[in-house]
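Student: I'd like to learn how to read contacts and helix packing. Can we walk through an example?

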Amino acid sequence: MTNVFFPEEQISTDDLYFVCYMIERIARKLKQPNKYVANSMGHNELAKKLSLADTLHSENPQAVEADWIEEYHLQSGDYDITNVNPELCPKIPTATQMGKVYKRLILNTLQINEDYADAILRVYNNPICEVIDNYNCSAYYEPSPYIAKSYYAGAFV
């Protein structure tokens, strides 16, 4: 994907990871599903954030989080991803860990002529994310190829 501000530069996979990480942070803070954050931003804004990620990653993540919440008028909800059964999930994965899970899923399912912004929207809007984000099951820590295969199958089998 080409940087929207500097067309001679390419967006890196680290930039993709940063945006996935921030989506996860914001969704958790607001108690919203990841797709709410991604959809509220939309393709063009995701492309801009991907293009600025190499700079934004050196900022305080709480400040970036607050800026994005204000910029996109994101509202609190009641989707608490951290409300888990402690017997099934003694340790909730961190936002950084889940950012990596989603980055790998996006890269493993990237379609021809699809940019990262399109892929973010496609993946986060897929029903498989409800399973990945259910920490009472094991989907989020399965190997990346298995998660991608499950994505294409439409379910974890």
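**Contacts and packing**

Tutor: Start with Asn3, which touches Glu9, Gln10, Ile11 and Ser51, leaving out residues up to four places away in sequence; contact means heavy atoms within 4.5 Å. Keep in mind that this is a predicted model, where local features need pLDDT of at least 70, side-chain atom pairs count only at pLDDT 80 or more, and totals for chains, interfaces and linings use all residues. Residues are numbered from 1 along each chain as its sequence is written, and side-chain values use heavy atoms, with hydrogens and water left out.

Student: Is Asn3 buried or exposed?

Tutor: Buried means under 20% relative accessible area, exposed over 50%, partly exposed in between (1.4 Å probe, protein chains only). Asn3 has 4%, so Asn3 is buried.

Student: Which backbone nitrogen does the side chain of Asn3 reach at 2.7 Å?

Tutor: That of Phe5; the side chain also reaches the backbone nitrogen of Phe6, at 3.0 Å.

Student: How are two packed helices described?

Tutor: By the angle between their axes and the distance between the axes. Here α1 (residues 13-30) and α3 (residues 61-71) pack at about 70 degrees, with axes 10 Å apart. That makes α1 roughly perpendicular to α3, a label covering 65 to 115 degrees. Axes are lines fitted to C-alpha atoms, for helices over the stretch in contact, and angles run from 0 to 180 degrees between N-to-C directions. Helices are DSSP runs (H or I, at least four residues), numbered from the N terminus.

Student: Which residues of α3 make the contact?

Tutor: Pro61, Gln62, Val64, Glu65, Trp68 and Ile69; on the α1 side, Phe18 and Met22 are among them.

Conventions: Helix = DSSP H or I, 4+ residues; strand = E, 2+ residues; numbered from the N terminus. Parallel < 35°, antiparallel > 145°, perpendicular 65-115°, else oblique. Polar contact = N/O pair within 3.5 Å; in protein donor to acceptor, adjacent residues only side chain to side chain.
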